[in-house]
Amino acid sequence: MTPPHHPAGGGARDAWAAYRRLQLLVDVEISRDLEKDSGLSMPDYDVLAAVAEMSCEETCVRVSGLANRMHWDHSRLSRQLRRMQQRGLIARQSCELDGRGDDVLLTETGRQTLERATPAHLASIDRHFSGALSERQLDALIGIQQTIAASRADSGPAGVSRGGSRA
């Protein structure tokens, strides 16, 4: 099914502006709480949570796999990992499975920091975001994200459709 096309005017432009304002408003509040409660930035928390989740699923957590999972550029993730490694939150070592790449690991400090930060972070998300929305609104937001993700998956890298034309 082809999604409806709306020119970037009128309601579509207003929806985009509303999305951007919402994202900025919510991100600022939750980031501020996270920093105050745990000393972590949002990127710190996102990386720690992703590494912890992937560690349960995979033998080696490769930088490239982590970048894909987080939808981050490889160079951005590498810089973030370097800063986190200097602070003792993560470690990088050769993957024992095949020795071809680095494995990203949570240090004990990183694991404890994540465990301490998570309850307050979830409370902040509830306070500034999900607690203000009805179940129906939350479901609608999830549906919107899934629709856009599916649309991106259908178009392939950089907006090029599988048929070869720009999406």
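**Notebook: helices, salt bridges and a surface patch**

**Entry 1: H2 and its neighbours**

I began with H2 and H5, which pack at an angle of about 110° with their axes 10 Å apart. That makes H2 roughly perpendicular to H5. I noted the rule for such words: angles under 35 degrees count as roughly parallel, over 145 as roughly antiparallel, 65 to 115 as roughly perpendicular, and the rest as oblique. The axes are lines fitted to C-alpha atoms, for helices over the stretch in contact, and the angles run from 0 to 180 degrees between N-to-C directions. The crossing of H2 and H5 is left-handed. Left-handed means that the near helix is turned anticlockwise from the far one by less than a right angle, and right-handed means clockwise.

I wrote down what I was looking at. The model is predicted, so local features need pLDDT of at least 70 and side-chain atom pairs count only at pLDDT 80 or more, while totals for chains, interfaces and linings use all residues. Residues are numbered from 1 along each chain as its sequence is written, and side-chain values use heavy atoms, with hydrogens and water left out.

Next I looked up H2 with H3. Helix H2 covers residues 42-57 and helix H3 covers residues 63-70. They pack at an angle of about 115°, with their axes 10 Å apart. H2 and H3 are therefore roughly perpendicular to each other. This crossing of H2 and H3 is right-handed.

**Entry 2: the whole chain**

How many helices and strands does the secondary structure come to? I found 6 helices and 2 strands. Helices (H or I, at least four residues) and strands (E, at least two) are DSSP runs, numbered from the N terminus. Along the sequence the pattern reads α-α-α-α-β-β-α-α. Of the 167 residues in the chain, 25% are buried. Buried means under 20% relative accessible area, exposed means over 50%, and partly exposed lies in between (1.4 Å probe, protein chains only).

**Entry 3: H1 and H5**

I then turned to H1 and H5. Their axes come within 9 Å and cross at roughly 155°. H1 and H5 are therefore roughly antiparallel to each other. H1 passes H5 in a right-handed crossing.

Which residue forms a salt bridge with Asp33? It is Arg127, with the closest N and O atoms 2.8 Å apart. Arg127 lies in helix H5 (residues 108-128) and Asp33 in helix H1, so the pair ties together parts that are 94 residues apart in sequence. Asp33 is buried, at 9% relative accessible area. A salt bridge here is a side-chain nitrogen of Lys or Arg within 4 Å of a carboxyl oxygen of Asp or Glu. By this rule I have 5 salt bridges.

I also checked Ala123, which is found in helix H5. Ala123 is partly exposed, with a relative accessible area of 38%. Ala123 and Ile30 are 93 residues apart in sequence, and their C-alpha atoms are 9.5 Å apart in space.

**Entry 4: two further salt bridges**

Glu29 counts as partly exposed at 26% relative accessibility. Arg32 counts as partly exposed at 48%.

The side chains of Arg87 and Asp44 also meet in a salt bridge, at 3.0 Å from N to O. Arg87 lies in the loop between helix H4 (74-86) and strand S1 (90-94) and Asp44 in helix H2, so this pair ties together parts that are 43 residues apart in sequence. Is Asp44 buried or exposed? Asp44 is buried, with a relative accessible area of 4%. Arg87 is partly exposed, at 42%.

I looked up Leu77 in helix H4. At 0% relative accessibility, Leu77 counts as buried. Leu77 and Ser64 are 13 residues apart in sequence and 9.0 Å apart in space, C-alpha to C-alpha.

Leu141 is partly exposed, with a relative accessible area of 37%. Leu141, Ile144 and Ile148 form a nonpolar patch on the surface, with about 270 Å² of accessible area together. Patches are made of residues with over 30% relative accessible area and no salt bridge: like charges are joined within 9 Å, and nonpolar side chains (Val, Leu, Ile, Met, Phe, Trp, Tyr) within 5 Å. Accessible areas come from the Shrake-Rupley method with a 1.4 Å probe, and for residues only the protein chains shown count as cover.
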